[in-house]
Every structure is written in structure tokens, then in C-alpha cells.
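Take a look at it first, then try each exercise before you read the solution.

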Amino acid sequence: MSELARLEQVEVQSGRRTILSLDRFCVQEGEIQVVLGPTGAGKSTLLRVLNLLQWPHCGRLFWRNQELHRPAPLRLRRRIAMSFQEPLLFHGSVFANVAYGLHLRGVRGPALEKQVMQTLQRFGIAALAHQSAHKISGGEAQRTALARALVLGPELLLLDEPLASLDQNTKDCLASQLRQILRQSRMTCVWVTHDQEEALSMADRIAVLEQGSLRQVGTPEEVFFAPQNAMVARFVRTENILPGTVEENADGLASVRVQEALLEAITSFVPGARVLVCLRPEDVSLRRDREPGSESTRNRLRCTIEELRLQGATVRVKLDCGFPLLALITRRSAQEMALTVGETVLASFKATAIHCIPNDE
Amino acid sequence: MNPIWEGLQEAFRLIANLDPELLRILVVSLEVSSLAIVVGMLIGVPLGVFLGSRHFPGRNVLITLVNTGMGLPPVVVGLFIFLLLARSGPLGDLNLLYTPAAMVIAQVVIATPLVVGVTLAGIQGLDEKLRLQILSLGASPFQYYWKLIREARLTLLAALAAGFGSIVSEVGAVMMVGGNIAGQTRVMTTAIVLETRQGNFSMAIALSLILLLLALLINWLFTWVQQKKSA
């Protein structure tokens with residue numbers, strides 16, 4: 001995969017406040033890179049810089065390894081297209097909206113009509129072509145907005161929270177449609193979102209942005225299951241983040257003291273290291289004391305159930321093991337086990353389920 | 001008989017019979033004000049779009065000047081244009097004083113700040129992200145400004161109506177620089193003043209009715225287009 005765009009030592013300021021500060025950010029050709037971060041993290045600013053609509057206060061921009069200089073040439077800007085959270089449709093018909101970018105590029109007549117209609121068909125809105133863009137539903141408007149950007153066949157597609165303003169059903173439907181279109185066309189895309197499920201389902205790579213800085217870049221598995229720091233861990237809902245100290249480490253199998261408990265974890269941290277033990281709630285199994293447990297499970301803790309909370313098809317179980325621990329089990333398991341608040345259960349999890357990160361806090 | 005009732009009857013007779021003097025005044029009025037609003041729009045719209053979409057040092061000073069210009073007293077405009085075009089003035093050699101051209105200049109000065117102000121407000125009222133969207137789809141600077149104008153076109157219509165309405169009903173400036181010469185620079189407003197002074201109320205009422213009708217027509221047209229576009 002070759003590099004399409006790269007930012008180096010880029011800083012964007014608003015007044016005296018730095019809103020974006022990146023040592024290095026690159027977009028590989030053909031990938032869908034999701035930029036994940038909370039509100040105000042600098043995600044939209046990053047998109048504006050990548051779209052060459054906002055020039056950073058300092059830093060260098062590269063396009064296919066060629067350094068760019070201000071002002072960005074129009075022919076380069078026309079290789080990039082962007083769509084926002086709001087459809088931002090223009091006055092006129094759905095067709096006129098989708099045709100706008102092609103029209104700017106001098107495409108006219110049958111060629112224009114063919115390209116627009118093909119794109120409308122891909123998004124399932126061909127029947128709306130001649131309707132006023134301001135008289136269609138929210139989902140249809142967002143499809144029109146996406147079609148308006150995709151019809152240009154951009155080398156780089158930038159999407160700023162494209163599904164955020166839609167209801168869940170429309171969102172799921174459009175996400176799957178968009179995923180299919182992007183995969184088929186192998187279009188390079190930078191997709192900004194704060195929604196983790198969206199990030200997991202769409203991304204080839206995820207970049208986690210917080211307070212204008214990149215906290216981690218990696219595959220969805222790396223970011224979600226091996227976060228590099230506490231911020232990322234919290235943001236990707238690793239809800240069990242427990243401070244501990246490595247007591248010994250034998251060939252990568254370490255014993256980590258978390259309050260009174262000694263947990264076994266696969267990690268390279270040396271004895272004496274202060275760490276944060278990250279454990280996802282879905283990796284914690286529960287069973288009654290007398291039931292036999294899995295032999296390969298290295299960690300078993302006797303805990304008291306403090307709270308049971310139904311969450312759709314799952315139940316969140318808040319446990320007290322000398323330290324707070326969260327487990328996520330299916331509703332059926334909870335019913336079969338007849339769990340009740342106050343009773344004692346055995347919580348178990350594998351050494352491989354634990355991910356240790358340095359404790360800098 | 002009541003002079004108002006008499007005047008009204010006579011006015012309707014003049015209008016119904018398409019009185020030649022009345023028509024001449026109407027034609028001069030429409031010619032002068034139409035040309036002035038076209039020039040005013042040609043200057044005011046690009047200026048309004050520029051001020052509404054760009055940020056640069058001194059922009060606020062310019063906007064303050066525009067806002068002041070929107071409330072410029074026509075007689076003050078008339079006085080300055082008179083001094084400029086008077087025989088001893090800097091543009092005296094052009095011999096424009098007491099010609100329709102002088103009236104057009106005065107009306108352009110009155111209408112332009114209004115057009116700039118209304119256009120500026122319309123452009124500023126567009127969503128900031130809409131502007132980014134236009135650029136992000138690959139618009140060149142010209143294409144960008146053209147799209148902004150098209151997206152704010154209802155506002156431009158308002159600018160047109162406000163500008164034309166203000167100059168067609170203005171009397172002070174055209175009186176000073178036009179001189180109210182019959183058949184040449186006599187327009188509806190100056191004729192109304194003259195006919196009233198002379199006690200010829202029927203002509204004054206007839207011209208007033210046409211002026212009111214014109215205002216009604218412009219506003220009806222504006223409302224119709226606005227409703228059609230927003231429906």
C-alpha cells in the first residue's frame with residue numbers, strides 16, 4: 001500500500017489555543033482510516049487540513065510524497081471530496097445536487113447524466129432524482145450528500161461524522177451500503193466519528209485523537225484490545241482499568257498485584273513496574289463456587305455481586321473482588337444462573353485477556 | 001365638492017386616459033431608477049458577497065461604513081453630488097448637472113449601501129459548513145462566490161426590492177441634482193412636490209397612486225418569489 005497523504009509536525013491554533021498538534025499522520029492508498037475521538041478532539045480540523053481548506057500554522061503537508069505549498073492548487077483540491085454530518089444540500093433537485101461537483105469540473109450532457117444516475121442508483125435514490133432536495137427525508141438527504149461526494153470518484157474521500165445525525169435503523173442501513181460501496185471501489189477514505197461501533201465496523205485502521213493529539217494508531221483489534229494508554233483504554237470502553245504492580249515475570253507470564261489479589265497476565269513488564277491492568281467486561285466469566293471451572297483460566301476471584309443491570313441481550317454485573325470489577329454476560333446465562341445481588345460468585349478470566357499498560361497517572 | 005375626492009376622480013381619469021405628461025414622468029422615473037438599481041446591484045452584490053464571506057483586517061470598519069451608508073440622508077447625497085457635478089466642482093467639465101445621468105449617480109450612491117448591507121447579511125446567514133461544502137466539492141474562487149450568490153438569491157431579491165424601493169420614492173437628491181426639468185429630469189416624486197405646491201392635486205394624487213402601486217407590485221413580486229422558492 002502506498003502513502004497518499006501525510007502530515008508532519010502540523011499544528012493548528014485558534015487564538016492562543018492549539019487545537020491540532022500532530023507529529024505525523026498518514027493516509028495509505030485504498031484504506032478506510034477512522035479517526036476516533038471525543039467531541040472537541042480536533043477531528044474536523046484535521047479533515048479541513050487534509051481537504052486543503054485550512055492551512056496549518058506550521059508543519060508540512062505531502063501528497064504522494066510531494067510536499068505541498070500554499071495555496072493548494074485547484075487541480076489537487078479536486079482530487080479530494082468531503083461530506084459532513086449535516087447533508088448541507090443546495091437549492092434545487094437531488095440530481096442537481098449530485099451533479100454539482102461534476103458540473104464544476106466541466107462535465108456536461110449524457111456523460112454527466114450517466115454518472116449521476118449511476119451513483120443515485122448505487123445509493124438507492126434514483127427515483128428521487130427530480131425531487132426538490134429540501135423535500136426529502138433525513139436519510140435520503142444524507143444519501144444525496146454522500147452521492148454528491150462519491151460521484152466525483154475522489155482519490156481521497158473525507159467523511160465528517162456522516163451517520164451521526166441519523167436514527168439507528170437508517171444509520172445501520174446506510175453504514176452497510178456505504179461499506180459495500182467503499183470496499184468495491186477501493187476508495188481511500190478518512191472517516192471521522194466518535195462512535196466506536198461505527199469505527200470497528202468500518203475501519204482498516206483507527207487513529208485515536210484527543211485534545212488535538214494522536215494517542216494511538218492501529219488496526220481495530222490493536223486499538224480496542226491492546227490500547228496503548230489509559231485515555232485510549234477508557235475511550236474504547238475497556239471498563240476494567242485497575243492499577244497494579246508487577247511482582248514477578250517468568251518468560252512473559254507475569255504476576256500483577258491488584259490490591260489483595262494476584263493476577264496472572266501475559267506482559268513484558270518487569271517486576272516493580274507500575275501498570276494499569278486492562279480487562280474488557282466481556283472477557284470476565286462468572287460461575288458459582290461449586291461448579292467446575294475451565295482449567296486454562298489462570299485468574300479466579302471470589303466476588304460479591306453488587307449490581308445487575310439489564311442491557312438489551314446482555315447483563316452488566318458489578319462485582320466487588322476487593323476492587324471493583326465489571327462483567328458482561330448474556331441475559332440467558334444470568335437467568336440460568338439465577339444471579340442475585342449480594343451473593344458470592346467466582347469471576348474468572350484468562351491471562352491473555354489482560355492487557356497491561358504503563359501507569360503514568 | 002371635497003378637493004380630495006375631486007383630485008381622486010381626476011387622478012383616475014388621467015391614469016385611464018394614459019395622460020401623455022403622466023406617462024412621460026413615469027417613463028423618466030422608471031428609466032432613471034432602473035438604471036441606478038442595475039448599477040447599484042452590479043457594485044453592491046459583489047461587495048456584499050466579499051464582505052460577507054471573507055475575513056480581513058479593516059472588515060469591521062467597512063461594514064460600519066456600509067451600515068452608515070444604509071441610512072444616508074438623500075439630501076446629503078444630493079448636496080455632495082451637486083458639489084461634485086457643479087460647474088465649479090471637480091467633475092464640472094462633464095456637464096452632467098441637471099441631467100438624468102446626475103440623478104442616476106445620486107440614486108446609485110443611495111442604493112448601493114442598501115444592496116451591500118442586505119447581501120452581506122444574506123451571505124453571513126448561510127451556514128459556515130455550506131461554504132466549506134462548496135469548496136470541498138472543488139469550486140474555484142469564482143465558482144464559490146457564484147454558488148454563494150445562488151444559495152442566497154432570495155436575499156438578493158430582497159436587496160433589489162429594498163434598493164429600488166428606496167430610490168424610486170426618493171425626492172431630495174434627484175430634486176437637487178436633476179432640477180425637476182419637465183420632460184427631462186422630472187420624476188414622480190419631484191412632480192408630486194411641484195404639483196402639490198401649485199395646488200394641482202389631481203396630478204399629484206395620480207402620481208402618488210402610481211408610486212404606491214409600484215411599491216405594491218415590487219413587494220408582491222418579492223413575496224411571490226419568496227413563497228415559491230421556500231415552498
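This is a predicted model: local features need pLDDT of at least 70, side-chain atom pairs count only at pLDDT 80 or more; totals for chains, interfaces and linings use all residues.

Residues are numbered from 1 along each chain as its sequence is written, while chains are lettered from A and ligands numbered from 1 in the order in which they are written.

**Exercise 1.** Find out how far helix α8 of chain B reaches from its first C-alpha to its last.

*Solution.* Helices here are DSSP runs (H or I, at least four residues), numbered from the N terminus.
- Start with the length: α8 of chain B covers residues 153–168, which is 16 residues.
- The expected span is 1.5 Å times one less than the number of residues.
- The helix reaches 22 Å, close to the 22 Å expected.

**Exercise 2.** Work out whether A:T297 is buried, exposed or partly exposed.

*Solution.* 
- Locate A:T297: it sits in the loop between β15 (285–287) and β16 (299–311) of chain A. Strands are DSSP runs too (E, at least two residues).
- Recall the cut-offs: buried takes 20 or more other C-beta atoms within 10 Å, exposed 12 or fewer, and partly exposed lies in between, with C-beta atoms placed from the backbone.
- A:T297 has 16 C-beta neighbours inside 10 Å, so it counts as partly exposed.

**Exercise 3.** Describe how chain A is divided into domains and how far apart their C-alpha centres lie.

*Solution.* 
- Domain bounds come from an automatic or database domain assignment.
- Chain A has domain 1 (3–234) and domain 2 (240–358).
- The C-alpha centres of these two domains are 39 Å apart.
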